[in-house]
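Please keep the structure in view while reading.

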Amino acid sequence: MNWADFSTAAPELAKITEERFGAYRHHVLATLRADGSPRTSGLEVRFLDGELWLGMMPGSLKALDLRRDPRFTLQANPGDGTDMDGGDVRISGRAFEVGEGTARSAYVEEVEPPQPFHLFRTELTEVVRTRVEDDRYLVVQVWKPGEPVRALRRT
C-alpha cells in the first residue's frame, strides 16, 4: 500500500502525518544492519505523486541496508522543546529501490537532488501517532493496511 492508498484509507491521519513531516526538514530512519541490529540515520523525505520517497547518498549504509532488507521505520522530527505539538508520528514499511525510468525521472525533475543518489519507493505497513489529549490521556492512533484507524487512550 503506497502513500496515496493510505491517504484514501485514513485521510485525517495522513494529513496530520504529512504536516508533522513537513514541519521539519530532517527525520530519523531506522533500518536493519546485516547482523539484524538497528541502524538509525538522518534523512529527508518527500511526499510526491502519491508516494513517500526516500532519497539517499550513493553507497550510504542505510541504502545498502534497505537493498538487503527493505524493512524500515521513519520517525518524524519531534521539533524544538518538549511540547510535541501535533504529536509524535512514525511510519513503518518496506522500501524498494527505483532504477532508471519514468518515476525516477519525474522525481529528479521535481526535486533536483544531487547526483548520483539512491531513490526508494515505500510500501506502508503501519502509521502510528502518539499524542497527549487534555493533559490527561496518552492517545495512540494506529493504522495498518486493511484496518480502520484504532485509537487507544491511557491515563
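## Salt bridges

The model is predicted, and a search of the whole structure finds 13 salt bridges. In one of them, the side chains of Arg68 and Asp65 meet at 2.9 Å, N to O. These two residues are 3 apart in helix H3, so about one helical turn separates them. Asp65 is buried, with a relative accessible area of 2%, whereas Arg68, at 44%, counts as partly exposed. Arg39 belongs with Asp65 and Arg68 to a network of salt bridges.

A further salt bridge joins the side chains of Glu123 and Arg94 (3.5 Å, N to O). This pair links distant parts of the chain, with Glu123 in strand S7 and Arg94 in strand S6, 29 residues apart. Glu123 has a relative accessible area of 22% and Arg94 one of 32%; because buried means under 20%, neither residue is buried.

## Nonpolar cores

The largest nonpolar core has 24 residues, of which Phe6, Leu54, Leu74 and Ile91 touch the most other members. Among the elements that give two or more residues to this core are helix H1, helix H2 and strand S7. A second, separate core of 7 residues includes Val98, Tyr107, Val111 and Phe117.

## The largest pocket

The largest pocket holds about 390 Å³ of space. Of its 18 lining residues, Glu44, Gly55, Met56, Pro113 and Pro114 are the closest to its centre. Strands S2, S3 and S4 and helix H4 each give two or more residues to the lining. By class, the lining has 11 nonpolar, 4 polar and 3 charged residues.

Conventions: Residues numbered from 1 in each chain as written. Predicted model: local features only at pLDDT ≥ 70, side-chain atom pairs only at ≥ 80, totals over all residues. Heavy atoms only, no water. Core = buried A, V, L, I, M, F, W, Y, C linked by side-chain atoms within 4.5 Å. Buried < 20%, exposed > 50% of the residue type's maximum accessible area, 1.4 Å probe, protein only. Helix = DSSP H or I, 4+ residues; strand = E, 2+ residues; numbered from the N terminus. 1 Å grid on protein atoms, 1.4 Å probe; cavity = no way out; pocket = protein on both sides within 12 Å on 5 of 7 lines; lining within 4 Å. Points joined across faces, edges and corners; volume = space filled by probe spheres on them. Nonpolar A, V, L, I, M, F, W, Y, C, P; charged D, E, K, R; others polar. Salt bridge = Lys/Arg side-chain N within 4 Å of Asp/Glu carboxyl O.
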